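Please look over the sequence and the model below before reading on. The paragraphs that follow go through helix contacts, a salt bridge and a surface patch.

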Amino acid sequence: MAAHVKCGAFMIFIFIILLFAIDQITKYLTVAKLTESESIAVIDGILNFSRVHNTGGPWSMFDNFSIVFIALTFAIFAAEIYYFRKYPLNHVVSKIAAALINGGALGNLADRIFRGYVVDMIDLRFIDYPVFNFADCCIVVGCILMCIYVIFIYKDPKKYDVKKEFNDGKNNSDLQ
């Protein structure tokens, strides 16, 4: 018997604000402690904190397109509001995934609006990978969780006899 966790809109909102705050605090500390392009080793050869200003998109692609990414982020938020009003997320995994994605997007959006660039600082030295930040981590983990939800948890009510499968009085929260 699976335990169903209640995860209401207020809790999701608080979670998004918490993720946003953690992201902004890490960026504030990076800007306060490091000059642009400065790097300090945390674990030699593995992890550095490096201050990088990203005026583009993911992996610094599309340099100097901040205004495009600002507009795109607002368009995605508007589409989400429309879509989730019509098809609400009813499963805790999908809600957490959406919160992670939105908290990360909000953190990077704030940077683009108020700084004109996104502050990146997590620099993995053991692989050839672009410098990234906490918001990027939230977005990636949220996307992975959403894929797990869609592939393994979500049940399309059109494909299943909902009355037959869920007529036992149990919580139907995994339908969407």
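**Helix contacts, a salt bridge and a surface patch**

In this predicted model, helix H1 touches helix H4 through Leu19, Ile22, Asp23, Thr26 and Lys27, which meet Phe134, Ala135 and Cys138 of H4. Sorted by class, the residues of this contact are five nonpolar, one polar and two charged. H4 spans residues 134–153, and its axis comes within 8 Å of that of H1, with a crossing angle of roughly 145 degrees.

Two residues on the H1 side of this contact, Asp23 and Lys27, are also paired with each other. They form a salt bridge, in which the closest N and O atoms are 2.8 Å apart. Why can these two be described as about one helical turn apart? Both belong to H1, which covers residues 9–33, and they are separated by about one turn because they stand four residues apart in that helix. The count of salt bridges in the model comes to four.

On the H2 side the contact involves Ser66, Phe69, Ile70, Thr73, Phe74, Phe77 and Glu80. Their partners in H3 are Asn102, Ala105, Leu106, Leu109, Arg112 and Ile113. Eight residues of this contact are nonpolar, three are polar and two are charged.

Which element gives the largest share of the patch? Strand E1, residues 39–43, does, with three residues.

How values were computed. Residues are numbered from 1 along each chain as its sequence is written. This is a predicted model: local features need pLDDT of at least 70, side-chain atom pairs count only at pLDDT 80 or more; totals for chains, interfaces and linings use all residues. Side-chain values use heavy atoms; hydrogens and water are left out. Contact means heavy atoms within 4.5 Å. Ala, Val, Leu, Ile, Met, Phe, Trp, Tyr, Cys and Pro count as nonpolar, Asp, Glu, Lys and Arg as charged, and the others, Gly among them, as polar. A salt bridge is a side-chain nitrogen of Lys or Arg within 4 Å of a carboxyl oxygen of Asp or Glu. Axes are lines fitted to C-alpha atoms, for helices over the stretch in contact, and angles run from 0 to 180 degrees between N-to-C directions.
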